[in-house]
Amino acid sequence: MKVRIKFRKYGAMIFIGHLDTMRFFQKLIRRADIDVSYTQGFSPHQIMSFAAPLGVGLCSNGEYLDLGCEHVTSTKDMIERLNQASVEGYEITNVVLLPEDAGNAMASVAAATYTVHMRYEQPEIDFASQISAFLKQETISVVKQTKKSEKVLDIKPLIFDLDVSYEEVDGKRRPVFSMMVDASSAGNIKPALVLDTLYTFASLPAPKEFDYIITREDTYTNIGTSEEPKLVPLDAVGNTI
Amino acid sequence: MILCSKSLIIWDMRKLALNDEILLSIENPARYIGGEVNAVMKDKNDVSVRFAMCFPDVYEIGMSHLGIQILYHMFNSFEDTWCERVYSPWPDLDKILREKQIPLFALESQDPIRQFDFLGITIQYEMCYTNILQVLDLSKIPLIHNERTWDDPIVIGGGPCTYNPEPIADFFDLFYIGEGETIYRRLLDLYKEAKASGMSRADFLYEAGKLPGMYCPMYYEATYHEDGTIASFFPTREGLPDKIVKEIEMNVSDTYYPDKPVVPFVKVTQDRVVLEIQRGCIRGCRFCQAGQLYRPVRERDVEMLKKYAVEMLHNTGHEEISLSSLSSSDYQKLPELIDFLIEECNRRRINISLPSLRIDAFSLDVMSKVQDVRKSSLTFAPEAGSQRMRDVINKGLTEEVILKGAEEAFKGGWTKVKLYFMLGLPTETDEDRRGIAELSNLVAKTFYDTVPKPERKGKVSVTASTSFFIPKPFTPFQWARMGTSEEFISYAKTVKEAVMAQLNQKVIKYNWHEADVSVLEGVFARGDRKVSKVILQAYKKGCIFDAWSEYYHHDVWLSCFEECGVPIDFYTTRERAIDEVFPWDFIDCGVSRAFLEREWLRATKEQVVTPNCRQACSGCGAARFGGGVCFEEREDGASEGTN
């Protein structure tokens with residue numbers, strides 16, 4: 001049987017890369033005495049797969065991994081045991097049992113939501129009207145640099161939602177962007193690319209390096225069809241134990 | 001600190017010393033953030049002693065060191081003490097810390113090192129000496145001991161290199177000679193009293209220098225003969241000992257051991273549970289410093305080891321466990337321990353790694369159970385190519401035993417063999433050097449003789465590696481002349497040519513170690529106080545991470561020796577008289593100078609081997625510690641420390 005584990009990654013742990021996060025979980029599973037399934041062969045390893053790798057420097061409130069288990073207890077017990085064996089910065093928020101026919105975590109990913117705070121002072125413009133004009137374009141073309149060539153990509157169909165609110169920092173208004181974008185293996189785009197393109201559209205200088213403080217809020221799967229998508233968080237397809 | 005969204009709560013978290021921009025612009029930021037599993041957090045207001053424990057190399061190396069884990073555990077088990085870790089920042093961060101004037105910090109609290117009461121530096125190899133200066137400098141602690149005040153931590157060194165602390169004596173307030181488990185508690189108590197009574201720093205160091213195993217270099221002085229050798233070495237304040245006797249933990253089965261080692265996020269060199277099964281070695285190889293320093297052999301109780309293995313695996317989640325000792329095959333309850341581990345580890349899907357095992361039927365059987373024979377290689381350390389040479393270095397291993405081991409290994413399915421040798425040993429000739437190639441050839445031949453053609457799975461491969469012999473203090477070879485860089489290269493060439501001339505040369509690969517850096521290591525190993533100014537000069541010219549070939553600048557070092565008027569050959573190629581006073585003679589490691597002298601003559605004149613400690617007692621002097629192998633029933637029937 002398979003469980004899906006939802007976790008948060010924050011604080012100093014945003015500097016831990018994806019491979020080291022995988023290693024962290026392999027050891028965490030052992031410390032928490034989870035009855036995990038192993039592959040066959042001379043060097044057996046845990047049956048574990050992560051949904052969507054998170055870049056170094058990003059926080060997340062909605063990371064997922066699937067884990068093969070020989071035996072499970074209850075959602076509450078497993079969350080408690082995992083958190084007791086974890087460290088500040090990795091917090092397990094849900095464990096659900098997946099139905100037999102559930103697709104693997106990575107292939108299931110359709111979209112992700114992000115919140116983006118700005119580290120430095122921003123120009124005081126009306127971002128809301130800029131965004132609505134930005135999204136009204138026929139196409140939103142970006143030039144994607146690949147190893148060999150440049151490719152023009154239309155990111156409009158990959159942006160499912162983009163919005164702005166404001167926060168007060170040092171007595172000044174600063175935009176806080178939120179968005180839902182494609183995170184599937186075919187169409188994954190980064191929130192920084194969306195905002196860079198928005199700033200260019202609004203004739204603003206591109207934000208400085210390290211300006212974006214990005215939090216992935218959740219990761220979604222499509223339980224509808226490709227014509228009529230219905231996006232739900234990855235743990236919505238499993239059942240509380 | 002990164003704020004994550006979600007109603008803009010800034011969690012009550014540790015504040016990092018480095019901001020996000022810096023952490024995102026350097027290699028491997030995880031080296032600097034702390035917060036690992038089992039890292040110990042305390043409230044600094046609840047403790048009276050803050051101890052920063054440093055391994056002066058990069059995090060991945062330092063975190064792999066068992067000694068620090070043991071001491072970290074010990075210090076943090078003291079309620080009044082908080083021990084934290086610090087490592088050498090990699091050159092990318094080093095540059096940023098200097099540019100931005102950010103003081104070096106400890107991983108746990110992220111507080112500047114200079115705020116600590118102690119900075120303890122473990123010194124495991126000579127090539128980290130400039131990194132010691134890097135750590136002091138980045139912490140804004142004066143590099144030379146007499147420029148420090150109570151505003152600076154007490155800088156204390158420990159580890160194998162401190163058995164000749166003289167080349168780095170200027171940089172330390174104290175050295176702890178010996179094993180850390182015994183005296184630190186008394187040192188911390190003395191420190192608390194000193195602080196409470198308003199004692200001066202100089203007086204505290206003086207009082208500390210009276211504790212067993214403590215060496216306070218500022219209160220010792222050397223005078224020299226005209227030829228540069230030492231005339232006398234003595235304490236300058238009354239009440240300090242002439243001789244510093246090493247500290248040793250005789251009760252190794254009931255002492256501090258880390259049941260919850262820190263688990264790094266990044267993959268470090270030693271990414272596994274390490275079980276130290278014994279201290280010391282019965283063998284007495286004449287080039288080996290560790291084999292003399294850690295005498296007598298003390299085995300840990302097998303039940304203790306079983307208990308710790310289970311706890312440590314559970315508390316870390318590591319997927320591998322390794323046994324640690326100088327010669328694991330000599331641990332008497334090894335079969336019992338390994339049977340236990342195999343059963344326990346199979347159940348938990350844990351790998352077992354078994355370094356430093358003698359290759360014989362028992363170890364091959366064990367290894368075939370715990371590793372993939374096709375993928376792993378077998379390691380032999382004959383250390384020298386000819387039997388005569390192996391007798392000189394007291395490596396009892398014979399050609400017959402090596403080939404027998406190889407034969408059994410090939411029958412068991414192994415095809416990769418590694419052979420380790422040294423070049424430039426005392427009395428060595430070209431014949432001995434060519435012996436390295438010949439022995440390698442015989443190992444390859446054994447494969448073809450043992451495994452019939454249809455049963456050969458893949459090609460046999462023999463890798464012979466040579467390092468250059470560096471005479472070390474407290475070994476019978478401490479009197480030996482060390483080769484020059486040019487000599488070393490020519491020796492390697494002799495081996496290379498001999499390998500090419502072998503029948504099976506196609507399957508033999510020959511590697512040799514860097515010669516220049518070996519010479520420098522040779523200077524530091526047997527150096528005196530005069531060498532310290534060269535180290536300081538090289539550091540000021542930008543030398544750090546000398547153990548890393550990409551950062552080692554031999555030309556800079558050569559110019560520093562010249563500018564300081566310190567001749568390299570005084571420390572390396574010079575022939576030493578049998579009665580010369582050595583810089584390290586004021587330290588007593590248990591093994592007597594008379595024993596080492598006897599061994600030196602047995603090696604070079606008589607060219608005979610000396611029996612190991614279980615065969616017969618050779619009266620090295622370590623029996624005075626009152627335990628260990630010296631008091632076991634021996635093969636010769638004698639026991640109870642008959643030396």
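In this predicted model, 35 residues of chain A are in contact with 42 residues of chain B. How much area do chain B and chain A bury between them? The figure is about 3,400 Å², and 63% of it is on carbon and sulfur atoms.

Next, the charged pairs. Between chain B and chain A the count is 5 salt bridges. One of them joins the side chains of Arg30(A) and Glu319(B), at 3.9 Å from N to O.

Now the pocket. Empty space can be found by rolling a probe the size of a water molecule over the atoms. The second largest pocket holds about 690 Å³ of space. Its lining is made up of 28 residues, and those nearest the centre are Gly55(A), Leu58(A), Lys190(A), Pro191(A) and Ile214(A). In chain A, the elements that each give two or more residues to this lining are strand S5 (109-118), helix H5 (191-201) and strand S10 (212-222). S10(A) gives the most, with 3 residues.

What is the lining like by class? There are 17 nonpolar residues, 6 charged and 5 polar.

Last point: where does the second largest pocket lie? Its lining takes residues from both domain 1 (2-105) and domain 2 (108-235) of chain A, so the pocket lies between these two domains.

Note on methods:
Residues are numbered from 1 along each chain as its sequence is written. Chains are lettered from A and ligands numbered from 1 in the order in which they are written. This is a predicted model: local features need pLDDT of at least 70, side-chain atom pairs count only at pLDDT 80 or more; totals for chains, interfaces and linings use all residues. Side-chain values use heavy atoms; hydrogens and water are left out. On a 1 Å grid over the protein atoms alone, a cavity is a set of points where a 1.4 Å probe fits but cannot get out, and a pocket is an open set with protein on both sides within 12 Å along at least five of seven lines; lining residues have an atom within 4 Å of a point. Grid points are joined across faces, edges and corners, and a volume is the space filled by probe spheres set on the points. Helices (H or I, at least four residues) and strands (E, at least two) are DSSP runs, numbered from the N terminus. Ala, Val, Leu, Ile, Met, Phe, Trp, Tyr, Cys and Pro count as nonpolar, Asp, Glu, Lys and Arg as charged, and the others, Gly among them, as polar. Domain bounds come from an automatic or database domain assignment. Contact means heavy atoms within 4.5 Å. Buried area is the accessible area (1.4 Å probe) that two parts lose on being put together, summed over both. A salt bridge is a side-chain nitrogen of Lys or Arg within 4 Å of a carboxyl oxygen of Asp or Glu.
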